[in-house]
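Please look over the sequence and the structure shown here, and then read the short report that follows.

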Amino acid sequence: MPDKIHDLRGERSADLTGAALERVRVVRPGVAVTLLLSADPGLLMASLNLQLRENLHWDVVEADGAWRVTVRHREDAVPADVLALLSADHKRIDGLLARALSLLNRGDAAAAVPLLQEFAVALKRHVGFEDGELAASLGAERAAADEPPAVMLREHREIAQQLALVEETLAIEPVDASELAIYCAILSGTLAKHEHREEHSLFPLWRAALLRRAGDERAVLLKRAEDALRGGDASGAAAL
C-alpha cells in the first residue's frame, strides 16, 4: 500500500515523540508510513520501536538537511541477513505461543491445540538450524563454557525439555487446559529470557563474524535458513 506521509519538521522537540508515535501506531503488515523530520531520527525511532514492542522496521534517507523515514512492520521487511531472519522468527514463534496460552487461560484447549502443534514444529526448526548449521558455521562448539554460543546451546537443551512436557500433555486425551497452560507459561518465560540474551549478546558477535564472510556466502546461509524455517532441507541442522 502507498505510504502515508507525515511532515513533522515543524513539531517542537518536546512534542515530537508523541506526534511520531501517533503516526506510526497504524503500521501493521501491509501498511507503512513515512515521517519527514528535521533531525537525525536514530534515537527517536529506537524509542518508538521499543514502545511498539520492536515491531518496526525503518529506512532513512537524508537530503538537504531533512530526514525521510519510511516505517514498515518488521514482517514486511526483507531480512538483511540470517540473524535478522532469526530475530523475526523469534517474534513469530512467540506470537503462536502467546495466542495459545491466552486460549488455554480461557479454558479453550480445542482452539489452542493446533496453535501449539504449529508452535512446536516452528520452534524445533528454529533451534535445529541454530544448533546445527549456524552454530557449526560460526564456531559455537569452540566457545568457552561461559561464552554466549555455549550458553545458547545449554539453554536450547533446557527449552527442549520444557517443550517435551508441552507435547506430552498435548498427547493426553482429553487435553487438560490448566495443566498445559502451566507448562506453556514456564516455556514462554524461558524463551523470552533466552531470546533477549541471544539477540543482545550472541547475535552481535555472530553478525561481526558474518561481515567477515564474502557476500555470496552470507546470501547462501540466509537462503538455507529460509528453507530450514519453512521445513525444507538444511544439511547439518540438528533435530531438537
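Which residue of strand 2 stands opposite aspartate 7? The residue opposite aspartate 7 is leucine 36.

## Basis of the model

This is a predicted model, in which local features need pLDDT of at least 70 and side-chain atom pairs count only at pLDDT 80 or more, while totals for chains, interfaces and linings use all residues. Residues are numbered from 1 along each chain as its sequence is written, and side-chain values use heavy atoms, with hydrogens and water left out.

## The sheet

Four strands form an open sheet in the order 1-2-4-3, with mixed pairing; strands (E, at least two residues) and helices (H or I, at least four) are DSSP runs numbered from the N terminus, and two strands pair if DSSP finds at least two bridges between them. Strand 1 (4–7) and strand 3 (56–63) are the edge strands, each pairing on one side only. Strand 1 runs parallel to strand 2 (residues 33–37), and four bridges join them.

Strands of a sheet pair through backbone hydrogen bonds, either parallel or antiparallel.

## Helix 3

Helix 3 (residues 82–105) has 24 residues and reaches 35 Å from its first C-alpha to its last, close to the 34 Å expected, where the expected span is 1.5 Å times one less than the number of residues. At the start of helix 3, a side-chain oxygen of aspartate 81 reaches to within 3.0 Å of the backbone nitrogen of leucine 83. Just after helix 3, glycine 107 takes a positive phi of about 80°.

Terms used:
A polar contact is a pair of N or O atoms within 3.5 Å; within protein, one must be able to donate a hydrogen and the other to accept it, and residues adjacent in sequence count only if both atoms are side-chain atoms.
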